[in-house]
Amino acid sequence: MSEFKQAIEPHSHVTLHYRLAVLDTNGQEVSDFLTTFKGNPATVAIGQAQLAPFMEDKLLGLHEGAHEMFDLTADQAFGDYNSELRQVVSRQLLLEGNPQVDGFGEGDFVEFAMPNGYRMSGQFMGWNDDKSGAVVDFNHPLAGKPLRLELKVIGVL
């Protein structure tokens with residue numbers, strides 16, 4: 001007798017392992033950016049923004065036991081790098097959300113309180129020449145990078 005395996009649908013709950021690896025221009029893996037394979041699997045609700053939309057899209061239709069890899073262009077993943085999202089932020093604004101401002105190193109993430117109550121984060125890239133402001137990159141850290149997405153479905157409800 002064959003066992004029925006439910007396909008992942010838009011409102012499924014899924015237990016899975018996933019991995020995102022950055023690829024070079026030849027399609028070879030450079031480094032893992034994020035992986036659950038070395039620890040506990042994740043359990044997520046599809047359609048609840050718990051995973052990036054492109055990850056959810058690749059999960060739809062897969063069944064328990066599926067183990068798939070997808071190579072994605074930057075446009076298919078987190079989008080192209082947008083140089084306009086690299087901004088100079090005043091030291092005062094940086095201090096409002098980050099009192100340890102002098103301890104930042106290149107690549108650290110910083111948060112900002114917006115007037116509407118939301119918070120934004122960006123990557124600290126360094127101080128401008130007179131240290132009155134900082135260069136902050138608001139792109140996703142994987143923007144502009146091709147990726148390999150590995151998915152292993154453990155269970156589907």
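Author: Two strands are said to pair if DSSP finds at least two bridges between them. Strands (E, at least two residues) are DSSP runs, numbered from the N terminus. The model is predicted, so local features need pLDDT of at least 70 and side-chain atom pairs count only at pLDDT 80 or more, while totals for chains, interfaces and linings use all residues. Residues are numbered from 1 along each chain as its sequence is written, and side-chain values use heavy atoms, with hydrogens and water left out.

Reader: What makes β5 and β8 a pair of strands?

Author: DSSP must find at least two bridges, and 5 join β5 to β8 (residues 133–137), so the two strands pair; they run antiparallel. Within this pair, Q87 stands opposite V136 in β8.

Reader: How do you know that β7 also pairs with β8?

Author: There are 4 bridges between β7 and β8, against a requirement of at least two, and therefore these strands count as paired, again antiparallel. The bridge partner of W127 in β8 is A134. The hairpin of β7 and β8 has 5 residues between the strands, and K131 there takes a positive phi near 60 degrees.

Reader: In what order do the 4 strands of the open sheet stand, and which of them are at the edges?

Author: The order is β5-β8-β7-β6, with antiparallel pairing. The edges are β5 (86–90) and β6 (109–113); each has a single partner strand, so one side of each is left without a neighbour in the sheet.

Reader: Why is Q123 called buried?

Author: Buried means under 20% relative accessible area, exposed means over 50%, and partly exposed lies in between (1.4 Å probe, protein chains only). The value for Q123 is 19%, and therefore Q123 is buried. Q123 lies in β7 (residues 119–127). Leaving aside residues up to four places away in sequence, Q123 touches G107, D108, F109, V135, V136 and D137, where contact means heavy atoms within 4.5 Å.

Reader: What makes β8 largely enclosed by the rest of the structure?

Author: In β8, 5 of the 5 residues are buried, which means that the strand is largely enclosed. G133, V135 and D137 point one way, A134 and V136 the other way, and all are buried. In a regular strand the side chains alternate between the two faces of the sheet.

Reader: Why is the contact between R19 and E29 called a salt bridge?

Author: A salt bridge is a side-chain nitrogen of Lys or Arg within 4 Å of a carboxyl oxygen of Asp or Glu. The closest N and O atoms of R19 and E29 are 2.8 Å apart, so the pair qualifies. The pair links distant parts of the chain, with R19 in β1 (residues 13–23) and E29 in β2 (residues 29–35), 10 residues apart.

Reader: Which residues are linked with R19 in a network of salt bridges?

Author: The network links R19, E29, D32, D71, R148 and E150. R19 also forms a salt bridge with D32, at 2.7 Å between the closest N and O atoms. The side chains of E29 and R148 meet at 3.0 Å, N to O.

Reader: Are R19 and D32 buried or partly exposed?

Author: R19, at 10%, is buried. D32, at 36% relative accessibility, counts as partly exposed. E29 is also partly exposed, with a relative accessible area of 36%, whereas R148, at 15%, counts as buried.
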